[in-house]
Amino acid sequence: MLKKTAAEFFGTFWLVFGGCGSAVLAAAYPQLGIGFAGVALAFGLTVLTMAYAVGHISGGHFNPAVTLGLWAGGRFSAKGVVPYIIAQVIGGMAAAGVLYLTASGKAGFDATASGFASNGFGEHSPGGYSLQSAVIIELVLTAFFLIVIHGATDKKARAGFAPVAIGLALTLIHLISIPVTNTSVNPARSTAVALFQGTWALQQLWLFWLVPIVGGCLGGLIYRFLLQSKD
């Protein structure tokens, strides 16, 4: 379990540092910035690369909603849920701390004022989308993310390509939902940056725990009872 939780720590660190780091450090420049599409690709690449790097150790969850979704889908033992989630949250927080120290090296940087890549709805949604929109998009996309994960890692799926499918799925998820909530589908990612934003992001953080977890469990149950082959 120590090796597995260490893998989850480093995997979640890479996801938050790579994904949120691309948003905080590389997306804001008019001419050199990577834009929404670049941030979406960065998130997908973090999962793809770490799934190949440490997925054989821990399964490559890097996300409490994924851990609980795999448990609901019958793919993960209940005894590993809490250790995995703790490792994921701590890994995300560590990455956000390193990102904060890096971003603070630029004059005028303010994590609270900039939002620090936090997730939000209403006036804190990048596109001004409501609470209702945020609930719908996070629920649906997390559920489909878990369906992709279950299908790509099924014993009947083509071996070796699961990280590619999962990474591309996360890229697509971000392309759809960055304007709505800045894309969570991952409570550890949301918590990590909200702690440094410190105000509205913490007040709205409940949604980015509750809805992705419900969506993840829903996706796991859909695959388990409707799509999974019964031998």
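## One salt bridge

Search the whole structure and you'll find one salt bridge, meaning a side-chain nitrogen of Lys or Arg within 4 Å of a carboxyl oxygen of Asp or Glu. The partners are Arg75 and Asp154, and their closest N and O atoms are 3.6 Å apart. This pair ties together distant parts of the chain, 79 residues apart: Arg75 is in the loop between α3 and α4 (81-103), while Asp154 is in the loop between α6 and α7.

How covered up are the two partners? Arg75 is partly exposed, with a relative accessible area of 29%, whereas Asp154 counts as buried at 13%. Here buried means under 20% relative accessible area, exposed means over 50%, and partly exposed is in between (1.4 Å probe, protein chains only).

## What you're looking at

This is a predicted model, where local features need pLDDT of at least 70 and side-chain atom pairs count only at pLDDT 80 or more, while totals for chains, interfaces and linings use all residues. Residues are numbered from 1 along each chain as its sequence is written, and side-chain values use heavy atoms, with hydrogens and water left out.

## The overall build

The protein has ten helices and zero strands. Those labels come from DSSP runs, numbered from the N terminus: H or I for helices, at least four residues, and E for strands, at least two. Along its principal axes, the C-alpha trace spans about 60 × 35 × 30 Å. A compact globule of 231 residues would have a radius of gyration near 17 Å, and the protein agrees, with 17 Å. That radius is taken over C-alpha atoms, and the globule rule is 2.2 Å times the number of residues to the power 0.38.

Of the 231 residues, 50% count as buried. Take the contacts (heavy atoms within 4.5 Å) with a separation of 6 or more: residues 24 or more positions apart account for 78% of them.

At 1.5 Å a residue, the 21 residues of α10 should span 30 Å, and the end C-alpha atoms are 28 Å apart, which agrees. The expected span is 1.5 Å times one less than the number of residues. Among the buried residues of α10 are Leu207, Phe208, Val211 and Tyr223. The buried residues of this helix pack against α3 (64-72), α6, α7 (162-181) and α8 (187-197).

Trp206 sits in the loop between α9 (200-203) and α10, and is partly exposed at 45%.

## Two residues in one loop

Gly115 lies in the loop between α5 (111-114) and α6, and Glu123 lies in the loop between α5 and α6 too. Which is buried and which is exposed? Gly115 counts as buried at 8% relative accessibility, while Glu123 counts as exposed at 73%. Leaving out residues up to four places away in sequence, Gly115 touches Gln197 and Trp200.
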